[in-house]
Amino acid sequence: MKEFRSKLFGEHDPYANFRPMPPDMQGWASDRPVFREVLTELKPNLIVEVGTWKGMSAFHMADLLLKMGHRDFEIICVDTWLGSVEHWTQMYGPIHPILRNGRPQLYEQFLSNVMHRGYQDWITPLPIDSLNAAHIFKVMEIKPDLIYIDAGHEYYSVKQDLFMYSQVLRTGGYLIGDDFFHEPVKTAAFDTFGKDKVIPKGEDKFVWIK
């Protein structure tokens, strides 16, 4: 299933003629139990991940769905692949070693990792910022079953993502949020959805059901 990719890219294949870099499967908290719980419940056909880095959480979701025998799905990965504040200021690890001509090679690494895992048929990159991506989904009337938010960590950027993607999500769909231990993220979730509607999951995730 590549319905969104066909609508967005037409005949263009984002993986065509790309020469992969060596794999680099580094990520954070990409395999928490909440993914299995939600995927088992929903068996989603369309997933949007907002904030992807090198792809590890998308790969974990694809792994789980394929092991369930569910092959009719598409995971749309939204990211600028330019890093965020913490990466550029070295709070969680410097971005400088992967810079080429002043630009991080994260998109190229992501494509490479997808190809090394053999997931080109299921994972579609959308290399744009989260706000414009949300507008694309609204204009194209795309209604995901599951949205995973793991982009910025500052209050206003998180609040904007949560609000915009709550509008995109289908009725009855699930939104999983990351970094719930981080106070600006937690406050943004409570302010957007109401404290009684936010369901904490494990040490760093939360769920909201539309």
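Here is a friendly talk about how some labels in this predicted model come about.

Colleague: Before we start, what should I keep in mind about the model?

Modeller: It is a predicted model, where local features need pLDDT of at least 70 and side-chain atom pairs count only at pLDDT 80 or more, while totals for chains, interfaces and linings use all residues. Residues are numbered from 1 along each chain as its sequence is written, and side-chain values use heavy atoms, with hydrogens and water left out.

Colleague: Why is α6 called roughly parallel to α7?

Modeller: Helix α6 (residues 130–139) and helix α7 (residues 155–168) pack at an angle of about 10°, with their axes 9 Å apart. Angles under 35 degrees count as roughly parallel, over 145 as roughly antiparallel, 65 to 115 as roughly perpendicular and the rest as oblique. The angle therefore makes α6 roughly parallel to α7.

Colleague: Which residues of α6 and α7 meet?

Modeller: Contact means heavy atoms within 4.5 Å. On the α6 side, Ser130, Leu131, Ala133, Ala134, His135, Phe137 and Lys138 take part, and they meet Gln160, Asp161, Met164, Tyr165 and Val168 of α7. By class, that contact has seven nonpolar, three polar and two charged residues.

Colleague: What makes β5 and β8 edge strands?

Modeller: The open sheet has seven strands in the order β5-β2-β1-β6-β7-β9-β8, with mixed pairing. Both β5 (123–126) and β8 (199–201) pair on one side only.

Colleague: Why is the pair of Trp81 and Tyr107 called tilted?

Modeller: Rings of Phe, Tyr and Trp (its six-membered ring) pair if their centres lie within 6.5 Å; planes under 30 degrees apart count as stacked, over 60 as edge-to-face and the rest as tilted. Trp81 and Tyr107 are 5.1 Å centre to centre with 55° between the planes, so the pair is tilted. Trp81 sits in the loop between β2 and α4 (85–88), and Tyr107 in helix α5 (residues 106–117), 26 residues apart.

Methods:
Axes fitted to C-alpha atoms, helices over the stretch in contact; angles between N-to-C directions. Helix = DSSP H or I, 4+ residues; strand = E, 2+ residues; numbered from the N terminus. Nonpolar A, V, L, I, M, F, W, Y, C, P; charged D, E, K, R; others polar. Pairing = 2+ DSSP bridges.
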